[in-house]
Amino acid sequence: LTVAALVERAAGEQRVALVPEVVTRLVADGYEVLLESGAGARAFHPDEAYVAAGAKVDSLDAVLAAADVVLAVRRPEPAVLDRLRPGQVLIGLLDARGDARAGLDALAGRGVVVLSLDLLPRTLSRAQTMDALSSQASVAGYRAALVAAEAFGRYVPMMITAAGTARPATVLVLGAGVAGLQAIGTARRLGAQVSGYDVRPAAREEVTSLGAGFLRTSVTAGAGEGGYARALTPEEQAVQQAELGQQIRTFDVVITTAQVPGGRPPVLVTAETLAAMKPGSVVVDLASGPLGGNVDGSVPGQRVLTDGGVTVIGAGDLPARMPTGASAAYARNVTALLAAVVRDGALALDPQDEVVGAVWVRPAEPAVVPAAAGVPGTD
Ligand code: NAD
């Protein structure tokens, strides 16, 4: 079976779906491994490292022609998708929720086998090794604390020096999922005084077990499908924004991580709250992306200084900016899913399998045409 990874063509993307260490294991397991030339370069894995691990490196044309399975980090661009053929398997974080789903349905309709890791049933223990959303969220949370510290104009930890004592920075993390908990842990290790917040009441214990305080609002929402928080009603959201706003303005650093899978992220930091924050405060928005963000006025990939002296960083792309570590974890996730669809060296996809059935983007069932009334033989 030939497994391939391509150059990731999305703007700013530096990750790669296979790293040499994982290639060594695939080759030992009997796979042929192909890399598009330059695929790992931006994650600091040159072509020679893949060749040394037992892979072949070739052009995009040659790789697409020979691959049975194409591994990607993000959804490949349309010009590449158009060249996938029926029966070929595509695995990646393909953006299979919300409006973006239609493009994948069309691909599946052409007979390409589309497996998207963002549909993984993450709470199943068998799926843990495949959980790319978690591995990448963990990178994002860790880097968010570092990005905030770098943009902040003071020390993060308490510092006692001959020149006087600096008090520790106060950090608030909004959304205590995988990224939020990692941000809390990292900010604590930097020496900040940290608090966390989430709409899910169950998050409280996880936040406090990391040694952080937990903020409360009168709005709570239990976890819905797949452990994700349900979207709040507009009324609940207004209450939450007002109550959080009073607390947010007392912090030096705010890191926001609240996502709604496939949908618009909720606004947690309003323009009014931003205007009330102290000059020199830093806000890092991990939910910042094409659909919006958690912070009014955050711009994807940019650092904006407000009139009031608050730095707002649109940081939805942090995993792409820690490419070596993020790719290493991703490659293990994606090959764990690969192992679930291969038996005895051949593809064997079982739609009844609870993991495979969930990640498989299948074309809609053919419409059942009702028998026309009065046709002989029907009644
Ligand atoms: P996410 O990235 O979808 O969202 C981040 C956090 O923001 C979540 O904790 C969510 O509750 C919170 N949030 C959403 N809307 C909010 C709002 N309006 N205000 C405040 N907070 C809000 O979350 P995630 O990190 O992908 O995790 C989603 C869930 O899945 C969590 O419950 C997590 O513990 C669970 N999970 C479980 C496993 C497992 O069982 N192995 C693995 C991964 C995640």
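Start just after helix H7 (178–189), where Gly191 takes a positive phi of about 100°; helices here are DSSP runs of H or I with at least four residues and strands are runs of E with at least two, numbered from the N terminus. The model you are viewing is predicted, with local features needing pLDDT of at least 70 and side-chain atom pairs counting only at pLDDT 80 or more, while totals for chains, interfaces and linings use all residues. Residue numbers run from 1 along each chain as its sequence is written.

Now select H7 itself. Its 12 residues should span 16 Å at 1.5 Å a residue, and the end C-alpha atoms are 17 Å apart, which agrees; the expected span is 1.5 Å times one less than the number of residues. Nine of the 12 residues are buried, so H7 is largely enclosed by the rest of the structure. A residue is buried if 20 or more other C-beta atoms, placed from the backbone, lie within 10 Å of its own, exposed if 12 or fewer do, and partly exposed in between. The buried residues of H7 are Val178, Ala179, Gly180, Leu181, Gln182, Ala183, Ile184, Thr186 and Ala187, and they pack against H6, strand S9 (170–174), strand S10 (193–197), helix H8 (203–209) and strand S12 (253–256). Contact here means that the C-beta atoms of two residues, placed from the backbone, lie within 7 Å.

Next, show the ligand. Of the 29 residues around the ligand, Gly175, Gly177, Gly227, Ala229 and Ala258 come nearest, where a residue is near a molecule if its C-beta atom, placed from the backbone, lies within 6 Å of it. Helix H6 (132–151) and helix H7 (178–189) are the elements that give two or more residues to this shell. The shell residues divide into 16 nonpolar, nine polar and four charged; Ala, Val, Leu, Ile, Met, Phe, Trp, Tyr, Cys and Pro count as nonpolar, Asp, Glu, Lys and Arg as charged, and the others, Gly among them, as polar.

From there, follow H6 to helix H11 (residues 323–340). The axes of H6 and H11 come within 9 Å and cross at roughly 170°, which makes H6 roughly antiparallel to H11. The axes are lines fitted to C-alpha atoms over the stretch in contact, with angles from 0 to 180 degrees between N-to-C directions, and angles over 145 degrees count as roughly antiparallel. To see the contact, select Ala132, Ser135, Gln136 and Val139 in H6, which meet Gly325, Ala326, Ala329, Tyr330, Asn333 and Val334 in H11. The residues of this contact divide into six nonpolar, four polar and no charged.

Stay on H11 and pick Ala336, which is found in that helix. With 18 C-beta neighbours inside 10 Å, Ala336 counts as partly exposed, and it touches Thr129 and Met130, not counting residues up to four places away in sequence.

Finish in two loops. Most residues other than glycine have a negative phi. Phe44, in the loop between strand S2 (32–36) and helix H2 (47–52), has a positive phi near 65°, and it is partly exposed, with 13 other C-beta atoms within 10 Å. Asp95, in the loop between strand S5 (89–93) and helix H5 (101–109), has a positive phi of about 70° although it is not a glycine, and it is partly exposed, with 16 other C-beta atoms within 10 Å.

Technical notes. Angles under 35 degrees count as roughly parallel, over 145 as roughly antiparallel, 65 to 115 as roughly perpendicular and the rest as oblique.
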